Amino acid sequence: MAMSRRVLPDRLRQAAHRHLATGPRLIVARGTFASIDTAVRQAFTAETQMLLEEMRILAQTFQSISGHDALRVRLERVVSDSCRKFHVDCVDLRLLCTYCGSGVQWTRDEGRTIAEAEPGAVVFLKGRCAPNWREDDTLRHRSPPISVLPEGDRMRLLLTVDAADACGASADEPLVIAA
C-alpha cells in the first residue's frame, strides 16, 4: 500500500459535494484514457468540472504507475456498507480516493488495529494479481461501515481506478452512467 495524504482544495471539495447532490450515482468507464475521457464528459456539469479534471489526473497517474493501456474508472455514490469484510482484491493494483465521507480502512492484524484514509487521500493497493504477492505478508482493506453513522452522514463519493479487466469486468459495456 502507498498513500498520498492531501487536503482537497475547496473548489474540488465543492464539486464533489455538488456531484453527490445532483450527479449520477455511478459512472463506470472502460478503455483507453482518451476514450474514457471523451465518454464521461457528459456526466459532469460546469459545477462539477473540477471533479472531472481530478479524475483525469488520477487516471493518468495510475496509468503511468501501472503501465496498463486500458483502464476502468469508477466514480460511485456509496450509501451502504459495501465491501464490509477485510479482503484483498483480485487485481494487480488499485487506486482509491474518497472525496466525501469516510475513506478506505485497512489492517495488517485481522482487524485488531484498523487505520482509515482521510478524505482526499490517494491510496494505491496491491492485489492478489500483483507480481510476487504473498498471502502471509499482506494488508487487507474494506469500505468503512457507514450504516452506524447518523442518516445524513451515510454517503461517500469514491473514485476507483484499475485495469480495464479488473475483477473479471467485461469490455462489452465501455460506459455505464446510472442515475
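In the protein chain, confidence, expressed as pLDDT (the predictor's score for each residue, from 0 to 100), is lowest in strand β10 (residues 175–178), at a mean of 88, and highest in β4, at 97. Helices (H or I, at least four residues) and strands (E, at least two) are DSSP runs numbered from the N terminus. The mean pLDDT of the chain is 92, with 97% of its residues at 70 or more. The model is predicted, and local features need pLDDT of at least 70, side-chain atom pairs count only at pLDDT 80 or more, and totals for chains, interfaces and linings use all residues. Residues are numbered from 1 along each chain as its sequence is written, and side-chain values use heavy atoms, without hydrogens and water.

Leaving aside neighbours within four places in sequence, L75 is in contact (heavy atoms within 4.5 Å) with residues including F44, L51, Y99 and L157.

Helices α1 and α3 pack at an angle of about 105 degrees, with their axes (lines fitted to C-alpha atoms over the stretch in contact, with angles from 0 to 180 degrees between N-to-C directions) 7 Å apart. That makes α1 roughly perpendicular to α3, a description that covers angles of 65 to 115 degrees. R11, L12, A15, A16 and H19 of α1 meet M50, L51 and E54 of α3 in this contact.

Key. Angles under 35 degrees count as roughly parallel, over 145 as roughly antiparallel, 65 to 115 as roughly perpendicular and the rest as oblique.
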